[in-house]
Amino acid sequence: MSYNFTLRKIIHVDMDAFYASVEQLDNPTLKGKPIAVGGGEHRGVVSAASYEARKFGVRSAMSGFLAKKNCPDLIFVKPNFSRYKEISQSIRKIFFDYTDLVEPLSLDEAYLDVTVNKKGNPSASLIAKEIRNRIYNELGLTASAGISINKFIAKVASDYNKPNGQKTVNPEEVITFLEDLEIRKFYGVGKVTADKMYRLGIFTGKDLKQKSISYLEDNFGKSGTYYYNVVRGIHNSPVKPNRTPKSVGAERTFSENLSSEIFMLERLENIAIELEKRLKKYKLAGKTITLKIKYSDFTLHTRSKTLSYFIADKDLILETAKELLYQEKMENSVRLLGISLANLNTEKNKQKEKEIPVSVQLKFDF
């Protein structure tokens, strides 16, 4: 059986433990040691962990207290985002030497479409290797890469030979690769969804592929269609050099828990001011305001309201955030507050990308 794919050569480049690696680069005394970039062991949350720390189970989004418990020798380093952004910009300059079709996902990862590239190199695998070598030689950092026919498979593949490695999934290997793939390794399948799939007897791509689209939609809603397609190698989303943001937000973690709404109002005002700055910077406005509340027991609640008009003004944002704050009684003391704005006034590109179907049996030089 063959499936029709869109004919592209996509590379997903993912920096290895980026924040932690930059800190070790700038401070050689930290090399080879378990470090965590974050706020510390008492109130902080780990933003990134070096591979030495990961051996002890230290992970991003873990509380500093638990991280230190898992790894008593853990060294906490305060994040330096201006430095990370500086390095990230240097990495992207390297990307642009090969293609203008670069879609950054964050400071430390990006998709590149090298189907047609500036070097005239027909091998995406060789381009990925050259890019990784340049990042190491010019910046002293390692990167991993995944190479395949679409963004989904390239993203999954980049995690295979980490750190400092790469994996290519050729067109004729796509179906077997996806059928053998553990369901938890599918990009877009988180822990909760994976547990649900396990209960439904879905453990691999092959198991997923046996389920009908109606079955998947009944159990996973709109995501069911996505799962049905990607397991068949169908993911025709192009690399978008100018990614349109879906939301803009700002949040704060507090040094001491807040136990009263009154204490939260001042913090919300500061957050609204920061959010307004970000909206003005990108000339954005939105209709849906979401209040994010993380309690002292780390449970996370969100409350949203959609207006009939666009807003970007801090006073209007704060007014709605206050309304959401008083919508329900606080369940516990609060350690984090955040406000985000979605339903933005960004124009949607309604033109469909041209797709060139190609059978999986076609030999395509990667």
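Mentor: What follows is an account of the aromatic rings, their pairs and the charges placed over them. Please bear in mind that the model is predicted. A pair of aromatic rings is described by two quantities, the distance of the centres and the angle of the planes. In this model the count comes to eleven aromatic pairs.

Consider tyrosine 160 and phenylalanine 177, whose rings form a tilted pair with 5.5 Å from centre to centre and 50° between the planes. Tyrosine 160 belongs to the loop between helix H6 (151-157) and strand S9 (166-168), while phenylalanine 177 is part of helix H7 (residues 174-180), so the pair ties together parts that lie 17 residues apart in sequence. The surroundings of the two partners may be stated as well. Tyrosine 160 has 35% relative accessibility and counts as partly exposed, whereas phenylalanine 177, at 11%, is buried.

Phenylalanine 220 and tyrosine 227 form another pair, in an edge-to-face arrangement: the centres are 5.6 Å apart and the planes stand at 90°. Phenylalanine 220 is buried, with a relative accessible area of 13%, and tyrosine 227 is buried too, at 4%. These two residues also belong to one aromatic cluster, formed by Phe152, Phe186, Phe220, Tyr226 and Tyr227.

Finally, there are the charged side chains over ring faces. Arginine 232 lies over the face of tyrosine 228, at 3.7 Å from the ring centre. Arginine 267 is placed over the face of phenylalanine 254, at 5.9 Å from the centre of that ring.

Conventions: Residues numbered from 1 in each chain as written. Predicted model: local features only at pLDDT ≥ 70, side-chain atom pairs only at ≥ 80, totals over all residues. Heavy atoms only, no water. Phe/Tyr/Trp six-rings, centres within 6.5 Å; stacked < 30°, edge-to-face > 60°. Helix = DSSP H or I, 4+ residues; strand = E, 2+ residues; numbered from the N terminus. Buried < 20%, exposed > 50% of the residue type's maximum accessible area, 1.4 Å probe, protein only. Lys NZ or Arg CZ within 6 Å of the ring centre and 35° of its normal.
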